[in-house]
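Colleague: I would like a close look at a single part of this model. Please keep it brisk and stay with the geometry.

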Amino acid sequence: MRFVHDTLPQRVSFGSGEAAASLEREVAELGASRVMVIASKREMDTAGTLTGNLRVLLRYNDVVMHVPVEVAARAREAAATHNVDAIVSVGGGSTTGLAKAIARTTGLPVVAVPTTYAGSEATAVWGLTEGNRKTTGTDPRVLPKVIVYDATLTLTLPVPISVASGLNALAHCVDAMWAPKADPINAALAAEGIRALAEGLPKVVTDPSSIDGREHALYAAYLSAVAFASAGSGLHHKICHVLGGAYNLPHAQTHAIVLPYVLAFNGPAAPDAEHRIAAAFGTNRAIDGLEDLRRELGAPHALRDYGFAEDAIPAAAEAILPAVPPGNPRPVTVADLERLLRAAWSGADPRATF
Ligand code: NAD
């Protein structure tokens, strides 16, 4: 075995019903006393309750998916005007993304309180959009110093969004198996992430108020993001990045739909990944485990349901090709990508696609 693995420095505080107490403790430990709270309008009430014991100078709710540059600029200005010394973000990947955008230019410490399974809180990846062009990059300054996980905050996440978001986390795990910096540590984290998602997500669907299912999903979301942060973007993320940026498709649903086609394509060419993923699902073949889970969850299954047009497929395939990671386990042609996208567009059986 020979590998180089990056472990990101972060504290994780996990406890259902404990977010308010954890925030008070963690913000004090950072030595911060002028806090900016970021939450979307929907999550601001919750954020208000959680941060009642902090000295909050600014409550900020101008959160927009994919962080448009002008939204980031306004938020930075507000942070500077109030001279804040820490940011507490309460929400999904869009909210965490705005906190990261501020941290990137100001170096302000972020305490992230995630309310979805997107996993942005555990990566040093930032994303900004200008027009319909999304730019991402990696910067240690944007990595939240502390993550406060409290599964009770995810109880309000509607089942369809929980499923899509959980499958977004699953995509981090699967892609981490063959991404450019895949290594045995990432693979171990990702395999446990798959196992915990396969255990937790069905419980979230059958009993959305089950804290057990929600805890498993949130714990897995963290593992998935750590594996993804270290392994980098594999074929799956490259495809979704182009689709999300150029065609304005919803983030989590796009991941949920595309994943089985990438697994059907890459799995046979990546025996170790195939074996680990199948073992994590407890099935003979990885794709069977994923498809069984997706059926059980009633997962989104066709890009055409989310506004992706069939006649966009050739151009999308051309746009993805240069982004394909050179070390992908199987060589990728434009024809392969067109086939994959056509199947994902219509929701065809991935096992019959490759
Ligand atoms: P999101 O943050 O946009 O949230 C989706 C919807 O769910 C929103 O309407 C939000 O208000 C609502 N919501 C969130 N939590 C809720 C709760 N507990 N109860 C009820 N409603 C709730 O979506 P997301 O999928 O969490 O994040 C997507 C964004 O995150 C994308 O911009 C994506 O690029 C980014 N992302 C970044 C990374 C990274 O490493 N940088 C990783 C994953 C995702």
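Predicted model: local features only at pLDDT ≥ 70, side-chain atom pairs only at ≥ 80, totals over all residues.

Helix α8 spans 235–247. Two further elements, α3 (69–81) and β6 (125–130), also each supply at least two residues of that lining.

Now the pocket itself. The second largest pocket holds about 210 Å³ of space. Its lining counts 15 residues. Closest to the centre are H66, T129, G131, N132 and N248. By class, the lining has seven polar residues, five nonpolar and three charged.

Take N248 from that central group. N248 sits in the loop between α8 and α9. Its backbone stands out on one count: phi of N248 is near 55°. That is a positive value in a residue other than glycine.

N83 is another residue of this kind. Its phi is positive, about 50°, and N83 is not a glycine either. N83 belongs to the loop between α3 and β4 (86–91). Recall that α3 is one of the elements lining the pocket.

Back to α8, and across the N248 loop to α9. Helix α9 covers residues 251–266. The axes of α8 and α9 lie 9 Å apart, and the packing angle is about 140°. Angles over 145 degrees would count as roughly antiparallel. The pair is therefore oblique, α8 to α9. Their crossing is right-handed. On the α8 side, the contact uses L235, H236, H237, I239, C240 and L243. On the α9 side, it uses T254, H255, V258, L259, V262, F265 and N266. By class, that contact of α8 with α9 has eight nonpolar residues, five polar and no charged.

Next, two helix pairs that share α11. Helix α10 (residues 271–281) packs on α11 at an angle of about 40°, with the axes 7 Å apart. That angle makes α10 oblique to α11. The α10 and α11 crossing is left-handed. From α10 come E274, I277, A278 and F281, which meet A286, G289, L290 and L293 of α11. By class, the contact of α10 with α11 has six nonpolar residues, one polar and one charged.

The other partner of α11 is α6. Helix α6 runs over residues 184–206, and α11 over residues 286–297. Their axes come within 9 Å and cross at roughly 15°. So α6 is roughly parallel to α11. The crossing of α6 and α11 is left-handed. A198, L201, P202 and V205 make the contact from α6, and L293, E296 and L297 make it from α11. By class, the contact of α6 with α11 has six nonpolar residues, one charged and no polar.

One residue links the two pairs. L293 of α11 is in the contact with α6, and L293 also meets α10.

To close, return to the starting point.

Notes:
Residues numbered from 1 in each chain as written. Heavy atoms only, no water. Axes fitted to C-alpha atoms, helices over the stretch in contact; angles between N-to-C directions. Helix = DSSP H or I, 4+ residues; strand = E, 2+ residues; numbered from the N terminus. Parallel < 35°, antiparallel > 145°, perpendicular 65-115°, else oblique. Left-handed = near helix turned anticlockwise from the far one by under 90°. Contact = heavy atoms within 4.5 Å. Nonpolar A, V, L, I, M, F, W, Y, C, P; charged D, E, K, R; others polar. 1 Å grid on protein atoms, 1.4 Å probe; cavity = no way out; pocket = protein on both sides within 12 Å on 5 of 7 lines; lining within 4 Å. Points joined across faces, edges and corners; volume = space filled by probe spheres on them.
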